[in-house]
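Q: Can we go through the packing in this one?

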Amino acid sequence: MRGNVLMSIEIKLPDIGSDTVEVTDILVNVGEFVETDHPLITVEGDKASMEIPAPFAGIIKEINVSIGDKLNTGSNIMIFDKPDKSEYLIKDHIKDIKEKNTAVHHKDIVLPDIGNNEMEITEIKVKIGDNVSVEQTLIIIEGDKASIEIPAPFSGKVIMINVAVGDKVKTGLIIMVFEVVETENNKISKPLEKTLDSNSDLPIKNNNCYFPEYSYVHATPVIRRLAREFGIDLSNIIGTGRKGRILKEDLKSYINKLSLIDTNSVKTASSSSLPSVTQLNIDFSKFGEVEEIELSRIKKISGANLSKSWSTIPHVTHFDKYDITDLEGFRQKLILELKNNVDIKITPLVFIMKAVAYALKRIPHFNSSLSYDCQKLILKKYINIGVAVDTTKGLVVPVFKNVYEKGIIKLSEELIEMSKKARSGKLMINDMQGGCFTISSLGKLGTTAFTPIINTPEVAILGISKSHVEPVWNGKKFIPRLMLPISLSFDHRVIEGADAARFIAMVGNILTDIRRLIM
């Protein structure tokens, strides 16, 4: 290579808080030149998906992570070279890196442990020449009691298919061969001989055979998929099936035990009240045309959390509506006054946030969480409010810190900024931590009222519906007033109905006369 290349620099995961995130996509390749802020990888936590951008321009020398890896703040994800700006130097350097780090191999796809019985192939989901991603379904096999999808243990190009529909297959059979591109820093899974236990009687032990994560655990792909959706480590479960195979009943029992821990001290949980692990397996296609759409990871995780919240927290919801005619007049006047000085949009939501912060300060039980053993109430001295934001990947809840101390203008600026970050997938873990209370607003979409589900470990949530002009009797005649419906769901273990009535009335009265905030 001609010229000099600057030193190699490690790219570390920026501050994402204390949580662990999972790598869901790698957006660049070794040898690629990227500009500053070009997305490198996508990671997902419990509540959000986010892209990690390049902190500076350079050539990717090494990629030190793989899809599925768990990362924390400061993890080394890549190594960049910062070459001379001359175009030919960059091109030569890219070529050198690619040639050094890239190799093409042929890998056998072996049928994983499906027991001793033969099963029949009912469908082949790929064809020769297809580029297949990890966990994509390759074939479907059926036995006497079950239909099983066999997923790809790693990504690659299909170059050979050794089976056909109707074939009888057993554990260990080579069903396909992939062409796989490996790099020095992005190896594929674990070899078969290291993932099978010492008692395995499989006939094939080939160093070119690879199995996906959890291969050492005896479980079907269906069980593995359910475990991933619920965030369960299968190695923690003792299987009751043949050779320690983990059955659906084992997974369900394990999830039930986890759920019971949260409510053990109050003796309110029971297995019948917990969410079912799976839906009924109904073939809807026999009734007409259907289409299957994979849920995003955020929806899967939030769905499980909402289901647990609804099942373990005794929800009660108060409904009311309040006159915001004067508030809306003040808001429109404020927009006109600030039009030439401040380029922000002031929405009714920021006034609701201030009203809620006021009420949290005066009725502190709403600004609390139950201890892990449900024996103590933890009162929070800070007031952080989460606002649910609808995105294409699912619902996320950015948290606004110290709302009580901030004014309408500051909150408006933060609301615009956070909403943009949420919808572009750029929210960090820190942006969604530390909430005390959540507001879910459907005002732009409609609805007269709804029952919002509490965002555990919080103890209450406020739902905002669409405001309407209604006739209101003033003692002499009906006059048109703008009325806002609100819904307050609360945890009845912590909050009494009377306190909830006081809270919703306090919020409503402030919205009716915003001057109450200075009292």
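What follows is a short exchange on helices and cores.

A: Fine, bearing in mind that the model is predicted.

Q: Which residues have the most contacts inside the largest nonpolar core?
A: That core has 54 residues, and those with the most contacts inside it are Val 356, Phe 366, Phe 437, Ile 439, Leu 462, Leu 488 and Phe 503.

Q: And which elements give two or more residues to it?
A: They are α6, α7, β22 (385–387), α8 (408–423), β26, β27, β29 and α9. The most comes from α7, with 11 residues.

Q: What does Phe 437 touch?
A: Leaving aside residues up to four places away in sequence, its contacts include Val 356, Leu 360, Phe 366, Leu 462, Leu 488 and Phe 503. Asn 384 and Glu 458 are also among them.

Q: Switching to α9: which of its residues are buried?
A: Ala 500, Phe 503, Ile 504, Val 507, Gly 508, Ile 510 and Leu 511. They lie on the same side of α9, because the arc they cover around the axis is only 160°.

Q: What do they pack against?
A: The partners of the buried α9 residues are β19 (315–323), α6 (325–338), α7 (348–362), β26 (437–441), β27 (460–464) and β29 (478–491).

Q: How far apart are the end C-alpha atoms of α9?
A: They are 22 Å apart, which agrees with the 22 Å that 16 residues should span at 1.5 Å a residue.

Q: At what angle do α7 and α8 pack?
A: About 120°, with the axes 9 Å apart. The crossing is right-handed.

Q: Which residues meet there?
A: From α7, Leu 349, Val 350, Phe 351, Met 353 and Lys 354; from α8, Ile 408, Leu 411, Ser 412 and Leu 415.

Note on methods. Residues are numbered from 1 along each chain as its sequence is written. This is a predicted model: local features need pLDDT of at least 70, side-chain atom pairs count only at pLDDT 80 or more; totals for chains, interfaces and linings use all residues. Side-chain values use heavy atoms; hydrogens and water are left out. Helices (H or I, at least four residues) and strands (E, at least two) are DSSP runs, numbered from the N terminus. The expected span of a helix is 1.5 Å times one less than its number of residues. Buried means under 20% relative accessible area, exposed over 50%, partly exposed in between (1.4 Å probe, protein chains only). The arc is that of the directions from the helix axis to the C-beta atoms. Contact means heavy atoms within 4.5 Å. A nonpolar core is a set of buried Ala, Val, Leu, Ile, Met, Phe, Trp, Tyr and Cys residues joined through side-chain atoms within 4.5 Å. Axes are lines fitted to C-alpha atoms, for helices over the stretch in contact, and angles run from 0 to 180 degrees between N-to-C directions. A crossing is left-handed if the near helix is turned anticlockwise from the far one by less than a right angle, and right-handed if clockwise.
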